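Me: Please take me through this model, and set each term that you use against its cut-off before you draw a conclusion.

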Amino acid sequence: MEALRLDGNAAAGLLSEVFAGEVTTAVGTCDSCGAVEAVGAIHVYMAAGTVLRCPHCEAVVMKVVTDGERIWMDLRGLRTLELAS
Amino acid sequence: MPIISRGFKGRRRDDAPRDRVPPGQYVTDDFPVLSAGPTPHTPLDQWDFTIVGEVDERRRWTWDELRALPSETITVDISCVTKWTKLDTVWEGVSVDTLLDGVETSAEYLTVFCDGGYTTNLPLADVTGGQAWIAFAYDGEPLEPEHGGPARLLVPHLYFWKSAKWVRGLRLTATDELGFWESNGYHNYGDPWKEQRYWGD
Amino acid sequence: MEGAAVLGRLNWHVAEVADVWPETDRVKTLALDVEGWPGHRAGQHVDVRLTADDGYQAQRSYSIASPDGGPRVELTVERIDDGEVSPYLTGDAHAGDRFELRGPVGGYFVWDPDPGGPVLLVGGGSGVVPLMAMVRQRTANHDEVPTKLLYSARSWEDVIYRDELGRYGKRGDGLEVVFTLTREQPPDWTGFGRRVDRELLSQVAPPDLSLTLVCGPTPFVEAVAEALVGLGHEPSRIKTERFGPTGG
């Protein structure tokens, strides 16, 4: 049991500042284990920034930091992200 | 201009001594828990602390060996980049000076590494001279896993993301290698008194 | 970036409190008029941002309780005593007050009127809020998908929307409401009186379940999702919305 774990939905507001479309139904592939999941099903942790982790292997798929004016995204753990166009 | 919400104050104390609260920070009596990932639960008999990288010889302590080293009680103010500051927190830990004693290195930087994969980078000069500890107790009790137990780095003069939870060792490096947050927007050094929160601050 | 609206991205809206009413001792519903509200889907949430007169800001997420319709949005908020935003929303805010709101957010945890079979909604505490939006949307749409709401609360006094839920369960429209009261039950209580576990779920969950939506505090959600998987339900047909410890 992880008391601090949230779902991808918890990052939806922040991600909506970056992505024009609906992002929680976008489908991501974990670069670490290859699992394919909707962003809404990905695990989210709130720390200094927001960390999205693969629900299967817990590898970091996305790190998002914002200072209110800029947003930094580390997508190295995400092999691909499929969004509706 | 944001909309001011009439009567909203937030959970802040306004009696805080100003000379102890860095700019942009608010004093809290809570100890908020922030975590970049699941809480690791490494059994103490499998836990060790190592100093690796640019060193003459790798150093390693088991949990019992680390706890047998001389430790100190430290009372410090801590500031999180998410804007809370907590005054007079009381820790017990082993000074990093004690661990580096006798280590020969030409390194000027280090990467702190942790269970769960978290890293943070610091100049070596910021963890020596009585500025940093491996803390294993908070408020007289063993450090709880949610706060980084069994042990976390305590480097209170920098924003608290540098005080890495679940610490397992230091990797001394010749060049500065950006850590988990430093590589993605957070400031490389993180001095609260200069409000070094993000890149470019 | 403030004011630099980019098409398609979410921006902060100004919300004005139109009305506030209590649901339980700890829970209130705020009806908000939101300028430029684009409409929403049942289950979505909003981010609320409060700003003090010295510029200090605090932000939290709250589920929308109302079905889609018009510029009015209802949020049901539970007071977290040592929280920062919820004591303001449930204590200080009244009609005419304004704050900022971003949303609607999250198209994953939403009502699906046609998932191919029965739907189970499982709510713990104030986790019932987005599920209530779904129940209300289902009723407004006259959706026919067989739906069961399993609602876990500490006591009958802690049950949010209890009158409305009582009515919903008796309409014969394929919606069933099941309560479990974990701490304290009324003397004449005939419903469940314990935490949602595997055995309880085996009694409540239809075997041909095609979608389960679970919302509540993280430990509740993890226990329910684990139990459902243990009963053989497909993990990809279980959607979860966890409330974090930073709630409040």
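This is a predicted model: local features need pLDDT of at least 70, side-chain atom pairs count only at pLDDT 80 or more; totals for chains, interfaces and linings use all residues.

Reply: Residues are numbered from 1 along each chain as its sequence is written, and chains are lettered from A and ligands numbered from 1 in the order in which they are written.

Me: What makes chain C as compact as a globular protein of its length?

Reply: Chain C has five helices and 11 strands, where helices (H or I, at least four residues) and strands (E, at least two) are DSSP runs numbered from the N terminus. The radius of gyration is taken over C-alpha atoms, and the globule rule is 2.2 Å times the number of residues to the power 0.38. For 248 residues the rule gives 18 Å, and the radius of chain C is 18 Å, so chain C is as compact as a globular protein of that length. Along its principal axes, the C-alpha trace spans about 55 × 40 × 30 Å.

Me: Why is Lys148(C) called buried?

Reply: A residue is buried if 20 or more other C-beta atoms, placed from the backbone, lie within 10 Å of its own, exposed if 12 or fewer, and partly exposed in between. Lys148(C) has 20 other C-beta atoms within 10 Å, and therefore counts as buried. This lysine lies in strand S8 (residues 147-153) of chain C. Leaving aside neighbours within four places in sequence, Lys148(C) is in contact with Leu120(C), Leu121(C), Glu176(C), Val178(C) and Val204(C), contact being C-beta atoms, placed from the backbone, within 7 Å. Across chain C, 46% of the 248 residues count as buried.

Me: How do you know that strand S2 of chain C pairs with S5(C)?

Reply: Two strands pair if DSSP finds at least two bridges between them, and strand S2 (residues 27-34) of chain C and S5(C) have seven bridges in the antiparallel sense. Ala31(C) stands opposite Glu74(C), and Asp33(C) stands opposite Arg72(C). Both strands belong to an open sheet of six strands in the order S4-S3-S6-S1-S2-S5 (chain C), with antiparallel pairing.

Me: What makes S4 and S5 of chain C edge strands?

Reply: Strand S4 (57-63) and strand S5 (72-78) of chain C each pair on one side only.

Me: Where do the domain bounds of chain C come from, and which residues do the domains cover?

Reply: The bounds come from an automatic or database domain assignment, which divides chain C into domain 1 (12-104) and domain 2 (119-243). Their centres, taken over C-alpha atoms, are separated by 24 Å, and the contact takes 15 residues from domain 1 and 13 residues from domain 2.

Me: How many residues of chain C are in contact with chain A?

Reply: 23 residues of chain C are in contact with 22 residues of chain A. Strand S3 (45-51), strand S6 (98-105), helix H5 (218-230) and strand S11 (238-243) of chain C each supply at least two residues of that side of chain C.

Conventions: Two residues are in contact if their C-beta atoms, placed from the backbone, lie within 7 Å.
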